[in-house]
Amino acid sequence: MKRIFHWLDENLEEFLLVIGLIAMTLIMGVQVFCRYVLGMSLSWSEELTRYIFIWCGFLSVSYCSKKCLSIKIEQFVAIFPRRGKAIFKIVNHTFELIVFLYLIPFAWKYLLSAIANGQTSPAMGIPMYYVQAAPLVGFILSAIRVFQRWIIEWKRVCRKGGE
């Protein structure tokens with residue numbers, strides 16, 4: 001069980017993003033083949049690809065948080081010693097965590113309203129809350145990943161002789 005959690009911690013976003021990219025590529029490839037070779041079009045392919053893309057977008061926020069990939073002024077951060085960089089990152093991660101924790105309740109309300117609405121997608125007929133769950137999942141995963149990065153930087157700051 002520990003091995004499974006370790007694998008999920010290390011690879012969850014990457015795995016899901018790769019699966020999403022493969023799925024989008026295959027679906028659109030089949031759509032192009034059907035349209036131009038067979039002369040018929042699939043009614044559901046573009047819709048499904050769009051929904052997978054939405055999920056990948058929100059999962060990529062978590063992936064970037066995990067890898068500490070964000071828009072920042074690298075030259076400014078680079079002038080600090082190691083402990084100074086860690087302090088700067090703690091401040092940055094604190095603000096990121098506040099933003100994600102702030103967004104989670106709104107994403108939850110959005111999902112609940114989608115469930116209550118009962119809307120289904122036009123071409124495939126799937127409940128739209130499957131798609132509208134993406135922000136909630138993405139923000140929760142992002143908050144977890146930012147908190148993990150926050151702990152790493154906190155340990156770096158507290159380490160003796162961290163210069």
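**Contacts, cores and ring pairs**

Analyst: Not counting residues up to four places away in sequence, Ser62 touches Glu13, Gly138, Leu141, Ser142 and Arg145, where contact means heavy atoms within 4.5 Å. This is a predicted model, in which local features need pLDDT of at least 70 and side-chain atom pairs count only at pLDDT 80 or more, while totals for chains, interfaces and linings use all residues. Residues are numbered from 1 along each chain as its sequence is written, and side-chain values use heavy atoms, with hydrogens and water left out.

User: Where does Ser62 lie, and is Ser62 buried or exposed?

Analyst: Ser62 belongs to helix 2, helices being DSSP runs (H or I, at least four residues) numbered from the N terminus. With a relative accessible area of 0%, Ser62 is buried; buried means under 20%, exposed over 50% and partly exposed in between, for a 1.4 Å probe and protein chains only.

User: Which residues make up the largest nonpolar core?

Analyst: In soluble globular proteins, nonpolar side chains tend to be buried together. A nonpolar core is a set of buried Ala, Val, Leu, Ile, Met, Phe, Trp, Tyr and Cys residues joined through side-chain atoms within 4.5 Å. Here the largest one has 10 residues, namely Leu97, Phe100, Ile104, Ala107, Leu111, Ala133, Leu136, Phe139, Ala143 and Val146. Helix 4 (82-117) and helix 6 (134-158) each supply at least two residues of this core, and the largest share, 5 residues, comes from helix 4. A second, separate core of 7 residues includes Leu17, Met24, Ile27 and Cys56.

User: How many aromatic pairs does the structure hold, and how is such a pair described?

Analyst: A pair of aromatic rings is described by the distance of the centres and the angle of the planes. Rings of Phe, Tyr and Trp (its six-membered ring) pair if their centres lie within 6.5 Å, and planes under 30 degrees apart count as stacked, over 60 as edge-to-face and the rest as tilted. The structure holds 8 aromatic pairs. The rings of Phe80 and Phe88 are stacked, because their centres are 6.4 Å apart and their planes are at 20 degrees. Phe100 and Phe139 form a tilted pair, 6.2 Å centre to centre with 35 degrees between the planes. Phe100 lies in helix 4 and Phe139 in helix 6, so this pair ties together parts that are 39 residues apart in sequence. Both Phe100 and Phe139 are buried, and ring pairs link Phe58, Phe100 and Phe139 into a cluster.
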